[in-house]
Amino acid sequence: MRYFENIVDAIGNTPLVRLRHVIGEAAPTVLAKVEYVNPGGSVKDRIAVRMVDAAEKSGELRPGGTIVEPTSGNTGVGLALVAQQRGYRCVFVCPDKVSEDKRNVLRAYGAEVVVCPTAVAPEDPRSYYQVSDRLAREIPDAWKPNQYANPANPQSHYETTGPEIWAQTEGRITHFVAGVGTGGTISGVGRYLKEVSEGRVQIIGADPEGSVYSGGTGRPYLVEGVGEDFWPQTYDRTVCDRIVEVSDTESFDVTRRLAREEGLLVGGSCGMAAAAAVAVARECGPEAVVVVLLPDGGRGYLSKIFNDDWMARYGFLATGGSGATVADVL
Ligand code: PMP
């Protein structure tokens, strides 16, 4: 019989799928690392299990302890899944702009969700940063993973995602492209691929226009999960050879094309990374092998990117739209 002892053991070993339609005239092989097939639906399952492993080992997380993290998205799902299987309580703190659907996903896994007002400054005691700090201090045996500073985040990619890609391409990968949020993916995978290829593999970060990684000042954008307005500790500035800036319009256009033309129903940061991969591929010859990591699935974005009214409202569709700007929604 072939089976996993529990669902946590099914994390990782995701497939590489060749992109054939969205790459246009580009000559190289472009392969997508499809992370939505992880049990919690995203690449963040990988960091969740490694951050918990490391905290158990160091004694920061004790049996029956509580995981407290300010997250509403993919990292929360990964942590909730691992916590549940290992008998930890989970408390997530999120701003009230996070949709009820997203909060319900976390609750479905058995996590508790504390909702805080979005419209307060980060230093306000009601802000979700301050509330999560206070809960981590006050709940006995609480542990805060802090994905933006936890070395197990990039390390999980150094130990799993990077070696998988190298083995799957039989060492023929020439370029690796990924979106940058905490920087864990690009830093961990990038460091591994640089080492194993003796510097041959080019590492390319994809970043929304306005984010710090591509020289922006934190100007608002709508693509979720990537870009920052500060420099996280988990981002290794020495790993990227290059950062490609992608607009929301292009990110969402490619996201919709991935669903329609490649059968990959994925999130907006996937369209962003794929758009950057296509730009890179256009500059390469047929011998190049470009691997692009697609972090999550598209079901969480059905009422946004895959909804024509929403797209038109923000001017992302060629026709229609009231001309509302990013600032109107934030
Ligand atoms: N896309 C999505 C949807 C994400 O949730 C994240 C994580 N913030 C990323 C991309 C970026 O990954 P990383 O944090 O490893 O840079």
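Leaving aside its neighbours within four places in sequence, which residues is Tyr88 in contact with? They are Leu61, Gly65, Thr66, Ile67 and Ala83; two residues are in contact if their C-beta atoms, placed from the backbone, lie within 7 Å.

## Basis of the model

This is a predicted model, in which local features need pLDDT of at least 70, side-chain atom pairs count only at pLDDT 80 or more, and totals for chains, interfaces and linings use all residues. Residue numbers start from 1 along each chain as its sequence is written.

## Overall form

The protein has 10 helices and 10 strands. These are DSSP runs numbered from the N terminus, with helices (H or I) of at least four residues and strands (E) of at least two.

Along the principal axes, the C-alpha atoms fill a box of roughly 60 × 50 × 40 Å. Of contacts between residues at least 6 apart in sequence, 68% join residues at least 24 apart.

## Tyr88

Tyr88 sits in the loop between helix H2 (74-86) and strand E4 (89-95). Tyr88 counts as buried because it has 22 C-beta neighbours inside 10 Å. A residue is buried if 20 or more other C-beta atoms lie within 10 Å of its own, exposed if 12 or fewer, and partly exposed in between, with C-beta atoms placed from the backbone. Buried residues make up 48% of the 330 residues in the protein.

Arg313 is 225 residues from Tyr88 along the chain, and their C-alpha atoms are separated by 42 Å.

## Around the ligand

There are 16 residues around the ligand, and Gly181, Thr182, Thr185, Gly225 and Ser269 come nearest. A residue is near a molecule or strand if its C-beta atom, placed from the backbone, lies within 6 Å of it.
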